[in-house]
Amino acid sequence: MDMSVDFSNKSILITGGAGFIGSNLAFYFQNNFPSAQIVIFDSFRSEERLSNGNRKSFGSYTNLIGFKGTFICGDLNNRSDIDILRNHRFDYIFHQAAISDTRVYDQELVFRTNVNSFYSILELAKQSGAVLVYASSAAQYGQTNPPQKIGFENPDNPYGYSKYAMDQIARKFIKENQELKVFGLRYFNVYGPKEFYKETTASMVLQLAFQILGGNRPRLFVGSDEIYRDFIYVEDVIQANLKSCSASESGIYNVGTGISRSFQDIADILLFELGSDLNIEYIENPYSDYQTHTQADVKDSLKFLNFKSRFSLESGIKAYIPSLIQLFDHEVKKLKS
């Protein structure tokens with residue numbers, strides 16, 4: 001674990017802190033720097049659904065059971081909610097909150113939530129003199145050829161474009177406020193504990209594991225041995241966030257392993273780790289715009305952030321297995337009760 005920055009007695013804001021990556025960050029700080037003052041800002045999940053049937057917000061209190069810091073239930077689009085944060089002074093801001101569903105095509109909603117609110121987060125960082133680390137995304141690369149490099153973006157959905165826009169805003173802000181440190185981290189395909197409440201947008205690792213644990217054949221698209229992603233374990237993503245805090249060069253960086261693996265690999269590793277002899281069921285891919293190959297160019301991340309992933313797909317899935325089994329057992333028992 002990276003301990004180059006001492007977060008003891010520091011004030012830390014995590015937006016989207018009840019979500020997947022945000023809650024992992026919160027517990028990292030709580031476990032390693034118990035004197036840190038951690039504030040979580042999250043809208044939490046509601047009954048509101050988007051046009052594609054998915055929830056508008058994936059944050060859940062269950063991701064925070066055991067959390068001892070402060071949380072504020074608030075909406076990025078509500079100015080009065082944001083104003084509550086102005087009563088605090090933060091040393092570090094980790095901005096993870098967003099509408100992150102790549103298949104939401106309500107452009108106004110995505111841009112208001114992801115782009116407009118980003119100005120407020122930047123203002124808050126400037127007011128506090130805080131280091132700002134925010135979640136960008138590899139979605140802005142679209143169908144570009146691997147390895148995906150900073151400066152070669154071609155977003156093909158509103159979410160990807162919103163992150164592209166945020167990076168442009170951040171670059172301008174960095175240029176105009178050189179005394180501040182701002183880092184945009186373009187996450188590739190993240191998987192790991194506390195992603196369950198993302199529901200259908202959770203990683204293929206979780207979805208395939210639940211199929212296998214339920215005694216069902218894991219389902220893959222035809223040709224999944226040629227569909228590649230840069231899968232990165234959430235513990236590595238946390239390390240990228242931490243290393244940004246001690247880096248001297250503000251900027252936009254890819255956060256991936258730099259290695260492409262196939263969906264077929266995920267199924268094969270899960271079947272082995274779970275001791276299953278189930279056969280894979282192959283189905284036709286219904287998506288005409290499906291990304292077939294992502295792979296992060298990580299040279300700048302290593303050079304400027306000193307970040308290099310530690311988990312291979314095999315070791316990441318192996319580390320994840322106990323959480324997957326525990327979670328599956330819990331959900332099955334809940335359904336039976």
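The lining of the second largest pocket is made up of 12 nonpolar, nine polar and four charged residues (Ala, Val, Leu, Ile, Met, Phe, Trp, Tyr, Cys and Pro count as nonpolar, Asp, Glu, Lys and Arg as charged, and the others, Gly among them, as polar). Please keep in mind that this is a predicted model, where local features need pLDDT of at least 70, side-chain atom pairs count only at pLDDT 80 or more, and totals for chains, interfaces and linings use all residues. Residues are numbered from 1 along each chain as its sequence is written, and side-chain values use heavy atoms, with hydrogens and water left out.

**The second largest pocket**

- This pocket holds about 640 Å³ of space; a volume is the space filled by probe spheres set on grid points, which are joined across faces, edges and corners.
- It has 25 lining residues, and Asn 24, Asn 63, Pro 193, Lys 194 and Ser 323 are the closest to its centre.
- For the term itself, on a 1 Å grid over the protein atoms alone, a pocket is an open set of points where a 1.4 Å probe fits, with protein on both sides within 12 Å along at least five of seven lines; lining residues have an atom within 4 Å of a point.
- Helix H1 (20-32), helix H6 (234-246) and helix H9 (313-336) each contribute at least two lining residues, and H9 gives the most, with six.
- Helices (H or I, at least four residues) and strands (E, at least two) are DSSP runs, numbered from the N terminus.

**The largest nonpolar core**

- Among the 40 residues of this core, Phe 7, Ile 14, Ile 21, Phe 29 and Phe 94 touch the most other members.
- Two or more residues each come from strand S1 (11-15), H1, strand S2 (37-42), strand S4 (92-95), strand S5 (131-137), strand S6 (182-187), H6 and strand S11 (251-255).
- H1 provides the largest share of the core, seven residues.
- A nonpolar core is a set of buried Ala, Val, Leu, Ile, Met, Phe, Trp, Tyr and Cys residues joined through side-chain atoms within 4.5 Å; buried means under 20% relative accessible area, exposed over 50%, and partly exposed in between (1.4 Å probe, protein chains only).
- Gln 30 also lies in H1 and is buried, with a relative accessible area of 14%; its C-alpha atom is 10.0 Å from that of Phe 7, 23 residues apart along the chain.

- H3 (residues 107-128) has 22 residues and spans 31 Å from first C-alpha to last, close to the expected 32 Å (1.5 Å times one less than its number of residues).
- H3 bends by about 35° at Phe 118, the bend being the angle between axes fitted to the seven residues ending there and the seven starting there.
- Just after H3, Gly 129 has a positive phi of about 70°.
- Buried residues of H5 include Val 205, Leu 206, Leu 208, Ala 209, Phe 210 and Ile 212, and Gly 215, with a positive phi near 80°, follows the helix.

**Backbone points to check**

- Most residues other than glycine have a negative phi, and most peptide bonds are trans.
- Lys 194 has a positive phi of about 80°, sits in the loop between strand S7 (189-191) and helix H5 (204-213), and is partly exposed at 27% relative accessible area.
- Glu 199, in the loop between S7 and H5, has a positive phi near 55° and is partly exposed at 25%.
- The peptide bond from Pro 146 to Pro 147 is cis, with omega near -5°, and Pro 147 is in the loop between S5 and helix H4 (158-176).
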